[in-house]
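Hi,

Here is the structure I promised to pass on. Please have a look, then read my notes below.

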Amino acid sequence: MRMTEWRPVVAMVGTLLLAGCTSGADEDSAEEKPTGPARSANGADGSKEASPSSSEASAAEDEPYTMLEEHAPRTRAEAIAFVQGLSTPPDHFGAGFRKAQPYESDPDEWAVLDEECVWQRQSLPSTALASLTRKFELPGGEGKGPVQVSLTITVHEDTTAARRDMAVSLEEALRCPDQQLNATERVIGLYSRADPFSEARNGVTDDDLVESGQFRHDGTKDALPFDWFKYRLGPVTVAATDRIGAGHSKEEASAIASDVAQGVVYTAAEIDSIGGNRAPDGAGGKDSTGDDQAEGTR
């Protein structure tokens, strides 16, 4: 999933996202448009059986994966239980992935891009209830470097706060096309685009954001592929990054990025099954955390 560079219009980006109408480049501004993982009639990910009613299946396909506010966690304790209860098996991102160490972050913290374009861990603001990052890796071998994936699920206090978070994320790539990820890794040449579900470009969730660039390790000259996918489901955001090690061909890197994006869709589908358009009556929210699929406690 590689995209040619495009230059989004800066003005009113935040306003558009807050209104639920994010926008990307014009149709002729890029050679290749980012396309999210394909949805299918059985829930986009093939993990669940389709509804017996073809009309119901068609209606579900016409709606985004989402989390209805009335089903969403209301307190910090409920939100922490929710994010910890979601299942994220490593093979969601492709064959051979495994849990990395450390595996999980503190759900009372999240990553913030400071004024110097450096990522820092900080306590959650009052507008966010919980944020959990889980890390995965595909070990390297046979001349190919490892692939590192981070998946972050954040529960915001309401949909407006989640929209604002999406707007901030989109603007960060404009403010900081080069970003320091940690003490030894830096992203360069980052660019982004965002689409609401109604645009039917990345038609998976209420809002979809895709960023791509390259990252470098200190002491090395090679620039390696970096992708970031972020989806909004009502008041919940789901984001994943991939850092693809050296030695992978362009085709392999594209396939890896596509698999990672598909892994985010698997998580989005699970969230929707708990509290979205397809959730059964009475399901989801503060008492439903998917414990039957949980594997454990960004």
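This is a predicted model. I started with the pairing of E9 and strand E10 (residues 236–244): the two run antiparallel, over 8 bridges. Within that pair, Trp228 sits opposite Thr241 in E10. The E9–E10 hairpin has 2 residues between its strands. Gly234 takes a positive phi there, near 60 degrees.

Now the other partner. Strand E8 (residues 207–217) also pairs with E9 in the antiparallel sense, over 9 bridges. Here Phe215 has Leu224 of E9 as its bridge partner. The hairpin of E8 and E9 has 6 residues between the strands. In that hairpin Gly219 has a positive phi, near 85 degrees.

A word on confidence. The protein chain averages a pLDDT of 78, and 70% of the residues score at least 70. Two stretches need care. Residues 1–59 have pLDDT below 50; the model gives this stretch 118 contacts beyond near neighbours in sequence. Residues 282–298 are also below 50, with 49 such contacts in the model. Where pLDDT is low, the predicted coordinates should not be read in detail.

Best wishes

Note on methods
Residues numbered from 1 in each chain as written. Predicted model: local features only at pLDDT ≥ 70, side-chain atom pairs only at ≥ 80, totals over all residues. Heavy atoms only, no water. Pairing = 2+ DSSP bridges. Helix = DSSP H or I, 4+ residues; strand = E, 2+ residues; numbered from the N terminus. pLDDT = per-residue confidence, 0-100. Contact = heavy atoms within 4.5 Å.
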